[in-house]
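Subject: Structure handover

Hello,

Here is the structure you asked for. My notes follow below it.

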Amino acid sequence: MGVAQECYTTCTKEKGKYWETFSSYGRSYLATLLAFGLFLQTCGMSAAMESKPNILLLMADDLGIGDIGCYGNHTIRTPNIDRLAKEGIKLTQHIAAAPLCTPSRAAFLTGRYPIRYGMASDNRYRALQWNAGSGGLPVNETTFAKLLQKQGYTTGLIGKWHQGVNCESLNDYCHHPLNHGFDYFYGMPFTLLNNCQKNKLPELDAALQAKLWFYTQVIALAVLTVITGKIVGLFSTSWKIVTCMALAGFLFFTLWFSSYGFVQYWNCILMRNYDITEQPMKLERTASLMLKEAVSFIERNKHGPFLLFVSFLHVHTPLYTTEKFLGKSRHGIYGDNVEEMDWMVGNILDAIDKEGLKNSTFTYFASDHGGQLEAQEGEVQLGGWNGIYKGGKGMGGWEGGIRVPGVCRWPGVLPAETVIDEPTSLMDIYPTVAYLGGGTVPQDRVIDGHNLMPLLQGRVHQSEHQFIFHYCGSYLHAVRWHQKDSGILWKAHYVTPKFHPEVDHCFLENWRMRGIPSEGEDLRQGRSLAILLILCLFLKTCVPNASKPNILLIMADDLGIGDVGCYGNDTLRTPNIDHLAKEGVRLTQHIAAAPVCTPSRAAFLTGRYPIRSGMGSSIKQHIVFWNGASGGLPPNETTFARILQRQGYTTALIGKWHLGVNCESRNDHCHHPLNHGFSYFYGMPFSLVNECHGRENPELSQSLQATYWLHTQIIALAVLTLLIGKLTNLFSVKWKTISCFATCGFLFFISWFSSYGFTKYWNCILMRNHDITEQPMKLEKTTFNLLKEAVSFIERNKQEPFLLLVSFLHVHTPLITTEKFRGRSSHGLYGDNVEEMAWLVGKLLEAIDKEGLKNSTFVYFASDHGGFLEAQEGNVQRGGWNGIYKGGKAMGGWEGGIRVPGILRWPGVLPADTVIDEPTSLMDIYPTVVHLAGSAVPQDRVIDGHNLMPLLQGTVQHSEHEFMFHYCGVYLHAVRWHQKDSGALWKAHYTTPVFQPEGAGACYKSGICHCFGEDVTHHDPPLLFDLSRDPSEANPLSPDTEPLFDAVINRIERAVWDHHGTLTPVPQQLSAYNIVWKPWLQPCCGTFPFCWCDEEDDRT
């Protein structure tokens, strides 16, 4: 599936030119086959299990490469690990991504350098120090466990985690293994350390106590100074700030006090899934418990496939070893601990053999990094030996800290007794096991590991790694270059540790910088500054309202830019929107990232072009069409709501969502607003459509019925052919395959059948959080309910920073308008609906004013895209007016489909009665509100929006947008170039829709314009306009009329090429399979298919 999907995505990228040779029938047939492939992958899960190996990953803790027999140690006995190497492959250049536990394991789990997602530290503490810390593996990282879980694997982690537990509360478990793809967890959420064993010299205490006590004294002195100054009148300070400083001091004092003996209780605990089973741990039985759990997991899941990650507590200090192995080795307690670990490896391999799984299990053994040279007790060495390699644990550049054992075995698939001397990485295990599990690595981020299978099987003879980067925390210490043509392995050290009796660190205080002498200065004098920074961070948490505004985002649905008074309409009354513009800033070139709801809203929430997240469609239906579909905003996308939620904001969405609900089951709610950073949701998970009214002309049915019926006929013909072939012995095919085809055909038939009258029950529902409150909706009271919920949210949260996104159902058909506004406007029902929406805006602003929040609230108003020109009933226009701009909804290139109102207000911060005529985007709201909340946008992905505050406040005169790319689905239709030095605003159209009838300005015959095929015209050379002179796009330029024509086109072409270089293939959320209705995903408040409820009446 992965290869086909990747090819499919790649083909559709090149402006659709290769697809245009197919007839519409051919495209439908191919889309159907792709849907089959996806469906059969689900149907054939158990069949696929026969080829998917079990995966057993064994990881030692702090084990040196020189501690194992097969790597040259002749004095420590490791027969089981040696046997594993004899039966498989030994890697001699296996490199950890970091020289310490937390970041190295994060890289192992994600296949990415730790610096890409914040797991690299810029201070001394490069590993997690407490279970009660809020740091950990980010929730938006996708581990190999999560990938394999989706491929039908049962996943387990036994042993050490050390990737964090909670984010904001005692039981949110945001960093917990079960939130990162593991079905079962038994072990330590932290790591074994000396503090876990009585009578051992403490580890954390020595590193932390002095600093914690020093910070306590400094803050106490600061508090005393502030109180004295306040009492004698030297300066004015609020008691709230004094209290916060005192609380900060008390926090440091508590940490200092806790470090004396409490570490054992706070950090040394055992958990089973989410439950603590021992606090503190009883070390004398931990090894046997871990082994028993690992063997039990294998026995329970022998019918597989399974992923078992056994993360040993051995051989980390305090080297707790059972009586059976004490005194057995020639290297003291460290040697005893290594030999016990080897014995445990043998028992786990015996369990695999006992269940007959040896030949169907891929086994891997490694250490997380090199041995700890500094681990000593008097003259006794308690850390590992790194063989001939210089350095050890904590040293990011020297080989001894990062070169580790690496052994792989899979009898019958991998050769036995083989040695590979090519550079490999612990990060390579991620794409390797993803490949073995039948999955693909995420395409929306950089994966630094490479699939090892071609190298392990001898199909290639050189590693894919040309360069490997060696970090210590967030500091690059060294780089390795594998010069494959010459066989030379170069390594450049930019930074090396100063060896001395103390513990080594990564950054400038204790490092010499080669070639950068100014960086080698001792920075200990900066300690006071660090303390002040900590105080600032703490005070920022204590007094959030001091600088963070409330954020109110108001989005209309299908509103044309020409429908609003302040944008030139003098026949529709929109006084509240006009007043908002008068008090703030009005944007005249505010551009949507897509011309239809679903992808435009996805871009708005993520700050990214929809094509980057799989929310651009390659078929004619380019929105989510059913609540019971599996497509939607991917869970790994980070919305601005999620970022603001982490910044202490209370977040809510009232109104329309239209970005999917479920992925795999009726209640998984993977695409739901509450899974995307919203703390509260009340509204429609879908969109208002004519079917919700019952008496209106159907919308969805017209566009889907023919497609569903065609697919049903094709599949029925295929099933009939297969049946005849099997019964007459013309060819061999399994009954299971025929059943899956038949089920798929039945699915399309049900979707076709459901489109006749059932849409109202399936799509037109109201939800409060995860619960359905009306199915179907009672439209006559929906407007009032949504307004009441929005006002209530403002009243409830007036004391704290909040984000409220009010996503109106207005002015989408069927234009549900209350009696109060019917017949009021001079533009029929559409005008009535616009005027009611403007009244709703006024009510929201009144609620803000009533609570005294006007000056502390950033308000934004926009539409998701242009007005719907084809929305008509007879000669009556039911869609919006896009002013002087050509085109409308669903037209990816023409201005009328993408240029929308954009108004922002924040009294005292933004100027009033201001107009900005610079290109801006709905995607700009993402970085803008993130900036206002005091946070930063994600650094692990491309963000296409730009922070608007400098432009809005007048500190810069030009937009940061030089180029904007206008897509229709996945097809690039037009590009805009803002030539800032000349003031020209060029726009090149590569593809335009074919209007029906010709010259009509819209696609009235088909009901909506499409993005590709016979419905569009391709232009070579592209149509070129200068919007600064011709905003209506009425007069295309040519080389004869524009001397710069060729230069402009060439510059735009280079920009397109560069832009395409930033795109990576991702799963298509709006594929034929993902948008088809699936009964098992249909939200239902009763017993399916009898879905009906009205809890709103009950609540009233």
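A residue counts as buried when its relative accessible area is under 20%. C968 has 0% relative accessibility, so it is buried. Please keep in mind that this is a predicted model.

Disulfides first. The structure holds seven. One of them joins C968 to C1011, with the sulfur atoms 2.0 Å apart. The torsion about its S-S bond is about -65°, so this link is left-handed. C968 sits in strand 31, while C1011 sits in the loop between strand 33 and strand 34, so the pair ties together parts that are 43 residues apart in sequence. C1011 is buried as well, at 4% relative accessibility.

C1085 and C1093 form another disulfide, S to S 2.3 Å. Its torsion is -115°, again left-handed. C1085 is partly exposed at 27%, whereas C1093 is buried at 9%.

C167 and C174 are also linked, with their sulfur atoms 1.8 Å apart. Here the S-S torsion is 95°, and the link is right-handed. C167 is partly exposed at 31%; C174 is buried at 8%.

Now strand 7, residues 306-311. Six of its six residues are buried, so the strand is largely enclosed by the rest of the structure. In a regular strand the side chains alternate between the two faces of the sheet. F306, L308 and V310 are buried on one side, and L307, F309 and S311 on the other.

What pairs with strand 7? Strand 1 runs parallel to strand 7, joined by five bridges. There, L56 stands opposite L308. Strand 3 also pairs with strand 7 in the parallel sense, over six bridges. T155 stands opposite L307.

Best regards

Terms used. Residues numbered from 1 in each chain as written. Predicted model: local features only at pLDDT ≥ 70, side-chain atom pairs only at ≥ 80, totals over all residues. Heavy atoms only, no water. Buried < 20%, exposed > 50% of the residue type's maximum accessible area, 1.4 Å probe, protein only. Helix = DSSP H or I, 4+ residues; strand = E, 2+ residues; numbered from the N terminus. Pairing = 2+ DSSP bridges. Disulfide = S-S within 2.5 Å.
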